[in-house]
Amino acid sequence: FCFKDYPRLDFKPVDNVSFECLGLAYKAMDRDGNIPCVLNAANEVAVSAFLDQDLTFLQIPDIIHKCMEEITYIESPDLKDIIQTDHNTREKAQEMIKTFSPNKR
């Protein structure tokens, strides 16, 4: 297997329905402010819960999306705001996971 053995590569638009987390990343970039921080923190907590078998793989974007909707938006955050956003998002994501996971009830 060698990359140069492929005479042609075809790229298609990404299906944001099948790859929901990518669509959420684009939304976070478009909105900016503290939302990329929310996405990152929620993703880290959700993936950790998935690895611990407390969430299914398909529940990861649900946690991220809900955090992006529910965490207070800050248009021009400073470092203190980012640290607080990260903390609040991780707490919120953990709370949500408890409602998704029978192991955490």
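Hi everyone. Let me start with a definition: Ala, Val, Leu, Ile, Met, Phe, Trp, Tyr, Cys and Pro count as nonpolar, Asp, Glu, Lys and Arg as charged, and the others, Gly among them, as polar. Keep that in mind for later. One more thing before we look around: this is a predicted model.

Let's take the overall picture. The protein has four helices and zero strands, so if you read from the N terminus on, you get α-α-α-α. The C-alpha trace spans about 50 × 40 × 25 Å along its principal axes. As for the radius of gyration, the protein has 17 Å, while a compact globule of 105 residues would be near 13 Å.

Now the pocket. What is the volume of the largest pocket? It comes to about 210 Å³. Helix H1 covers 20–31 and helix H3 covers 60–70, and each supplies at least two lining residues.

Finally, please find helix H2, residues 35–51, and helix H4, residues 79–100. They pack at an angle of about 35°, and their axes are 8 Å apart. The crossing of H2 past H4 is right-handed. On the H2 side, the residues that meet H4 include Cys 37, Val 38, Ala 41, Val 45 and Ala 49. On the H4 side, look for Ile 82, Thr 85, Arg 90, Ala 93 and Ile 97, among others. By class, this contact has ten nonpolar, four polar and three charged residues.

Definitions and conventions
Residues are numbered from 1 along each chain as its sequence is written. This is a predicted model: local features need pLDDT of at least 70, side-chain atom pairs count only at pLDDT 80 or more; totals for chains, interfaces and linings use all residues. Side-chain values use heavy atoms; hydrogens and water are left out. Axes are lines fitted to C-alpha atoms, for helices over the stretch in contact, and angles run from 0 to 180 degrees between N-to-C directions. A crossing is left-handed if the near helix is turned anticlockwise from the far one by less than a right angle, and right-handed if clockwise. Contact means heavy atoms within 4.5 Å. On a 1 Å grid over the protein atoms alone, a cavity is a set of points where a 1.4 Å probe fits but cannot get out, and a pocket is an open set with protein on both sides within 12 Å along at least five of seven lines; lining residues have an atom within 4 Å of a point. Grid points are joined across faces, edges and corners, and a volume is the space filled by probe spheres set on the points. The radius of gyration is taken over C-alpha atoms; the globule rule is 2.2 Å times the number of residues to the power 0.38.
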